[in-house]
Amino acid sequence: MTDIRRGPGLRARITLLATGLVAVVAALLLWLAWILAGDSANAPSLPDGTTVVVGGTRVKAEDLNEVLRDTARFRLLVGGSIAFVCVVGATALLAWTLTGRVLKPLRDVTGTARRLSAESLGERIALRGPRDEVAELADTFDAMLDRLQATFSAQRQFVANASHELRTPLSVIRTELDVTLSDPNADADELRRMAGVVRDATLRAGQLVDALLLLARTDGMGLGPVERVDLTTVVGSAWQAVRSEAEQRHLRTSFSCAPAPSAGDPALLERVAGNLLENAVRHNVDGGWLDVQTAAGPSWVVLRVSSSGTAVDPERVEELFESFRRGGVDRTAHSGTGLGLAIVRAVVRAHHGTVAAEAVPGGGLTVTVHLPAAH
């Protein structure tokens with residue numbers, strides 16, 4: 001990085017400014033005093049030819065006023081100059097000392113910022129003292145570090161989880177290839193079986209990569225084309241993708257879908273409905289039930305998906321929206337990517353909506369999405 005030449009520091013600038021102001025004011029006062037000293041130096045009237053001794057010097061009466069004026073101004077200049085130098089010097093010293101004490105928290109902030117790295121985000125300023133603007137700055141900086149530390153921790157956990165998820169299908173592929181290639185008697189059936197396993201593992205890895213890209217797009221790149229979207233339509237499209245799986249598991253389904261127009265990215269909103277229905281089917285129990293509702297209000301439209309399933313701890317429901325969580329258990333399921341509800345939350349937030357979940361008594365989950373209504 002190219003070094004940037006900087007001027008005097010804030011402490012020096014404040015000191016110079018304060019000293020300069022005091023010097024100007026003191027100079028003005030000295031000038032006024034010099035004028036007043038000359039105007040006030042008036043001697044009493046004396047007869048012409050009278051001689052007066054002033055400072056050991058004989059002065060004629062007609063020159064007395066001028067001599068007194070010059071003497072007063074000279075003494076004022078000598079004393080005033082000494083006082084001027086003392087005042088300006090004292091001001092510079094006092095300003096330098098006070099600004100150093102006042103700006104110390106700023107130096108602490110700077111020093112902390114220079115020492116920080118991704119591995120040392122736990123350091124804080126923790127300024128003590130008067131609650132002034134500098135203390136507010138230090139507190140704001142500490143709060144920013146809290147948010148950064150939480151973000152870095154979440155990012156590390158996310159990367160670790162994503163690496164774990166991607167490692168699983170890659171390990172399956174490598175194992176199948178190694179076992180099959182090491183068998184000299186492998187026939188066509190064995191090769192087809194190996195190819196099927198490899199294909200499934202590849203599809204799983206591809207699904208995870210697609211989900212990660214979608215989550216990154218939603219969190220960081222914003223929305224695509226914004227259109228008028230009816231939640232009833234996206235629910236119908238999403239249901240077609242999981243209908244056969246629901247029928248195989250003999251799920252009892254109930255749909256109560258009233259028109260619910262919203263505005264947003266059609267593809268992302270369809271992904272919201274798709275993820276909710278996929279979770280409701282795949283994390284259900286054979287012979288269970290599934291209920292889907294859409295409704296519209298003056299300001300909001302609602303999509304609610306409820307289903308039976310395994311019991312979910314109500315205190316851990318919020319964890320389901322974290323990445324790589326399935327049924328409240330961390331990365332233990334054999335289907336899905338563990339990013340379904342994380343993507344739902346990211347998409348809903350990108351559309352300025354809200355999403356919440358609650359456990360169903362006896363087992364299962366209800367997820368409710370609120371989105372702004374289209375006007």
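Start by selecting His 352, just past the end of helix 8: it takes a positive phi of about 65°. Keep in mind as you click around that this is a predicted model.

Now step back into helix 8 itself, residues 340–350. Is it enclosed or left open? Colour by burial: 8 of its 11 residues are buried, so the rest of the structure largely encloses this helix.

You're looking at an open sheet of 5 strands, in the order 4-6-7-11-10, with mixed pairing. Its edges are strand 4 (252–257) and strand 10 (354–359), each of which pairs on one side only. Going from one strand to the next, the twist averages 10°.

Zoom in on strand 7 (residues 300–307) and strand 11 (residues 365–372), an antiparallel pair held over 8 bridges. For a landmark, select Leu 303 and look across to Val 369, its bridge partner in strand 11. Then show helix 8 again: it packs on the sheet, touching strand 10 and strand 11, and its direction makes about 20° with that of strand 11.

Last stop: strand 3 (residues 227–230), which runs antiparallel to strand 5 and is joined to it by 4 bridges. Select Val 229 and you'll find its bridge partner, Ser 262, in strand 5.

Terms used:
Residues numbered from 1 in each chain as written. Predicted model: local features only at pLDDT ≥ 70, side-chain atom pairs only at ≥ 80, totals over all residues. Heavy atoms only, no water. Pairing = 2+ DSSP bridges. Helix = DSSP H or I, 4+ residues; strand = E, 2+ residues; numbered from the N terminus. Buried < 20%, exposed > 50% of the residue type's maximum accessible area, 1.4 Å probe, protein only. Axes fitted to C-alpha atoms, helices over the stretch in contact; angles between N-to-C directions. Contact = heavy atoms within 4.5 Å.
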